[in-house]
Amino acid sequence: MRRILLSAAKILISAALLYLALRKVNLTELFSRFTVGSLFWIGLAIAITFLQIFVGVLRWREISAECGAPLELARAMRYNVIGSFFNQTLPSAIGGDAVRLWLVARAGAGWRAATYSIFVDRAIGLIALAILIVASLPWSYALITDPHGRSALLLVDLAALAGGLGFLVFGALKWRWLKTWWATHHIHACAVIANRVLFSRGRGPVVSILSLAVHVLTVVIAWCVVQSIAAPVGFSDVFQLVPPVMLITMMPISIAGWGVREATMGLAFGFAGLASNEGVNISLLFGAVYFIVGAVGGLVWILSAEKAAQGSAQLGVPE
């Protein structure tokens, strides 16, 4: 009952925020801006989204290997594409992570190694996003002149950065009592792995570059959407506004970020002196691109060996 109520609450939040955001949008005017060239840009956005998934796979493989759950490239790619489907269908922006965890654990890696690999992967991605936003703050402040917008941006980013850096510091602590409590034991173990990955001479630079690339590709996808409707928005505007919106969208309070993303994007555009309705337009099409990719992930799931073997014995993983 608790899960049902939680899912219902997230659906209501998405619906309410979408309703409020869509009040700023003229859908007839939006559709009238689509041309043959729009199909090219949307297609390019979809292709870049798959590239983004692949880059995420490369990072995840580095992290999962450190967690004792090595993954073949093809298997990891399949799991991430399937995860993109469940990101769109489960009542959370991170529902795909739970499915990836289940797939890795069921494939023979074990629940602990699978959980650690997903948790550390998500944590490192969050840290990279917060660092990217901090690095771009001087330009963001030049774009966002509204004091409330500046304060909100700084507060959200510092909270994320403090959480991420605090996580890494937590992993550096040597207190024995951290291993006596169930929660602190596992969080500390994940933090230790994150430190080992990020500060490794071999894996650290690779994982850092891949993590930043994932978020830069998000900006490129949004830019393709901007081009598809010829919105009067520059690339630098997209680069400054989209990462903070993605950071807020990561909060698991809606279905696949719908509603939260549109409301936040419209608000961010308004703070930057741009048309709020354009922000909502871009967010809707941006979400549509990920929805299409998620639909492809659904087909991969239906045709996958994991779906066929559901409920049967564990799938073997080559040594």
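**Stop 1: the cysteines**

Start by selecting C224, which counts as buried at 2% relative accessibility. Next pick C190, another buried cysteine, with a relative accessibility of 4%. Show its sulfur and look for the closest cysteine sulfur: that one belongs to C67, and the 6.9 Å between them is too far for a bond.

**Stop 2: colour by confidence**

The chain has a mean pLDDT of 87, and 91% of its residues reach 70 or more. Now select residues 312-319, where the pLDDT is below 50; in the model this stretch still has 16 contacts beyond near neighbours in sequence. Where pLDDT is low, the predicted coordinates should not be read in detail.

**Stop 3**

On to the charged side chains. How many salt bridges does the structure hold? There are eleven, and we'll visit a few.

Select R33 and E278 together. They form a salt bridge, with 3.0 Å between the closest N and O atoms. R33 sits in the loop between α2 (27-32) and α3 (36-66), while E278 is in helix α13 (residues 276-303), so this pair ties together parts that are 245 residues apart in sequence. Are these two residues buried or exposed? Both R33 and E278 are buried.

**Stop 4: S38, in contact with R33**

Leaving aside residues up to four places away in sequence, S38 touches R33 and S228. Zoom in on the S38 side chain and you'll find that it reaches the backbone nitrogen of T35 at 2.9 Å. S38 is buried too, at 1% relative accessibility.

**Stop 5: from α3 to α10**

Stay with helix α3, but move along to E62. Which residue forms a salt bridge with E62? Select R203: the closest N and O atoms of the pair are 3.0 Å apart. This is a link between distant parts of the chain, since R203 belongs to helix α10 (residues 203-228) and E62 to helix α3, 141 residues apart. Check the surface here as well: R203 is partly exposed, with a relative accessible area of 24%, and E62 is also partly exposed, at 25%.

Now show the whole of α10. Its 26 residues reach 37 Å from the first C-alpha to the last, close to the 38 Å expected at 1.5 Å a residue. Just after α10, click on A230, which takes a positive phi of about 50°.

**Stop 6: one more pair, then a network**

Select R261 and E262, which form a salt bridge with their closest N and O atoms 3.1 Å apart. R261 is buried, with a relative accessible area of 5%, and E262 is buried at 0%.

For the last stop, select R59, D97, R100, D121 and R122 in one go and show their side chains. Salt bridges that share partners join these five residues, R59, D97, R100, D121 and R122, into one network.

Terms used
Residues are numbered from 1 along each chain as its sequence is written. This is a predicted model: local features need pLDDT of at least 70, side-chain atom pairs count only at pLDDT 80 or more; totals for chains, interfaces and linings use all residues. Side-chain values use heavy atoms; hydrogens and water are left out. A salt bridge is a side-chain nitrogen of Lys or Arg within 4 Å of a carboxyl oxygen of Asp or Glu. Helices (H or I, at least four residues) and strands (E, at least two) are DSSP runs, numbered from the N terminus. Buried means under 20% relative accessible area, exposed over 50%, partly exposed in between (1.4 Å probe, protein chains only). pLDDT is the predictor's confidence in each residue, from 0 to 100. Contact means heavy atoms within 4.5 Å. A polar contact is a pair of N or O atoms within 3.5 Å; within protein, one must be able to donate a hydrogen and the other to accept it, and residues adjacent in sequence count only if both atoms are side-chain atoms. A disulfide is a pair of cysteine sulfur atoms within 2.5 Å. The expected span of a helix is 1.5 Å times one less than its number of residues.
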